[in-house]
Amino acid sequence: MPELPEVEVTRLSFAARIAGARVQILRMGKPLRWPLGVDPQTLRGRQVQSVQRRGKYLLLMLDEGLLLLHLGMSGSLNFSPSQPEPGPHDHMDLVTDRGVLRLHDPRRFGAVVWAPSEASPQAHKLLGHLGVEPLDGGFDALAFHAALRQRRAPIKPVLLAGDIVVGVGNIYASEALYMAGIRPTLRAHKLSRPRADRLHAAIVEVLARAVRQGGSTLRDFVSAEGKTGYFQLEAAVYGRAGLPCRACSTPIRSLVQGQRSTFYCPTCQKH
Ligand SMILES: [Zn+2]
């Protein structure tokens, strides 16, 4: 599943190239997770102003309205001056005068939704519940600690829920907790301020590093320029059950929390 760094890498791969492009036609394929919400014909002639990101949504800002794009479980976006004929898993072509933005999504959990503005009910329905962005200045260590103090659930599922800080998916939550030396089962409200500070810094570091490295995947994420992500090769704990901890050589353990696999070092990560 594409996580926040993959979505950010995707954004960086085409945002500059598509800015200023005029929409010629929007062609939709098979139904995606939600309907587009507008007649595609009405987008003809609209100009793409920028590509923003909110959580795992990409916001294609137009001179009137915006398109919200989500990669779902298996989606990828590719912007290219020309594209081959759409295949059976290509479900959106946004044809512009600078190239074609194509959504390839075999499982069709992705989405392309039009909204008249970011403040509209259509956009709010998808974006309104999202927590703060971990990679911009709004992610504050003090506020993070205060929010954790309100939660009695274990820290890992609290991070995954996305309403305190958005986009910390399964891989990055495991990695950040390892980096901060915190056991994933520790209840969120028990984190001291210094440990919450370390976790805050670890979340920023692990996500920023993944973006720098081009995103990650356990399957076959490929950015819109065709580069495969490789963060997984450097994972400290994720996917390494039974292998020695890189710091202390204790075998990494795994457990299931909220139906998601969690990996941790029983020596380096404390309750
Ligand atoms: Zn260890």
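Which spacing do the donors of the zinc ion follow along the chain? The spacing is C-x2-C-x16-C-x2-C. The structure is a predicted model, in which local features need pLDDT of at least 70, side-chain atom pairs count only at pLDDT 80 or more, and totals for chains, interfaces and linings use all residues. Residues are numbered from 1 along each chain as its sequence is written, and side-chain values use heavy atoms, with hydrogens and water left out.

**Zinc site**

- The zinc ion is coordinated by the SG atoms of Cys245, Cys248, Cys265 and Cys268, at 2.3 to 2.4 Å. Donors are N, O and S atoms within 2.8 Å of the metal (3.2 Å for Na, K and Ca); water is not among the atoms, so sites may look incomplete.
- The angles among the 4 donor atoms are 101 to 113°, and the site of the zinc ion is tetrahedral. Four donors count as tetrahedral if all angles lie between 85 and 135 degrees.
- The ideal angle for four tetrahedral donors at a metal is 109.5 degrees.
- Cys265 is buried, with a relative accessible area of 0%, whereas Cys268 is partly exposed at 26%. Buried means under 20% relative accessible area, exposed over 50%, and partly exposed in between, with a 1.4 Å probe and protein chains only.

**Aromatic pairs**

- A search of the whole structure finds 3 aromatic pairs. Rings of Phe, Tyr and Trp (its six-membered ring) pair if their centres lie within 6.5 Å; planes under 30 degrees apart count as stacked, over 60 as edge-to-face and the rest as tilted.
- One of these is formed by Phe14 and Phe79, whose ring centres are 6.3 Å apart with planes at 45°, so the pair is tilted.
- This pair links distant parts of the chain, with Phe14 in helix 1 (residues 4–18) and Phe79 in strand 5 (residues 76–80), 65 residues apart. Helices (H or I, at least four residues) and strands (E, at least two) are DSSP runs, numbered from the N terminus.
- Phe14 is buried at 1% relative accessible area, and Phe79 is buried at 3%.
- The rings of Tyr238 and Phe263 have centres 5.0 Å apart and planes at 65°, so this pair is edge-to-face.
- Tyr238 lies in the loop between helix 6 and strand 9 (253–257), and Phe263 lies in strand 10 (residues 260–264), so the pair ties together parts that are 25 residues apart in sequence. Both Tyr238 and Phe263 are buried.

- In helix 3 (residues 141–148), the buried residues are Ala141, Phe144, His145 and Leu148. Seen down the helix axis, these residues fall within an arc of 95°, so they line one face of helix 3. The arc is that of the directions from the helix axis to the C-beta atoms.
- An α-helix has 3.6 residues a turn, so residues three or four places apart point the same way.
- The cover over the buried residues of helix 3 includes helix 4 (155–161) and helix 6 (193–213). Contact means heavy atoms within 4.5 Å.
- At the start of helix 3, a side-chain oxygen of Asp140 reaches to within 3.2 Å of the backbone nitrogen of Leu142.
- In helix 5 (residues 170–180), 10 of the 11 residues are buried, so helix 5 is largely enclosed by the rest of the structure. Its cover includes helix 1, helix 4, helix 6 and strand 10.

**Individual residues**

- Thr262 lies in strand 10 and is buried at 0% relative accessibility. The side chain of Thr262 makes a polar contact with the side chain of Gln257 at 2.8 Å. A polar contact is a pair of N or O atoms within 3.5 Å; within protein, one must be able to donate a hydrogen and the other to accept it, and residues adjacent in sequence count only if both atoms are side-chain atoms.
- Not counting residues up to four places away in sequence, the residues that Thr262 touches include Lys156, Ser174 and Pro184.
- Ser80 lies in strand 5 and is buried at 19%. A polar atom of the Ser80 side chain lies 2.9 Å from the backbone oxygen of Ser82.
- Arg108 has a phi near 60°, a positive value in a residue other than glycine. Arg108 is in the loop between strand 7 (99–104) and strand 8 (111–115).
- Ser249, also not a glycine, has a positive phi of about 70°; Ser249 is exposed at 52% relative accessibility.

Terms used:
Four donors count as tetrahedral if all angles lie between 85 and 135 degrees; four count as square planar and six as octahedral if opposite donors are over 155 degrees apart and all others between 65 and 115; anything else is irregular.
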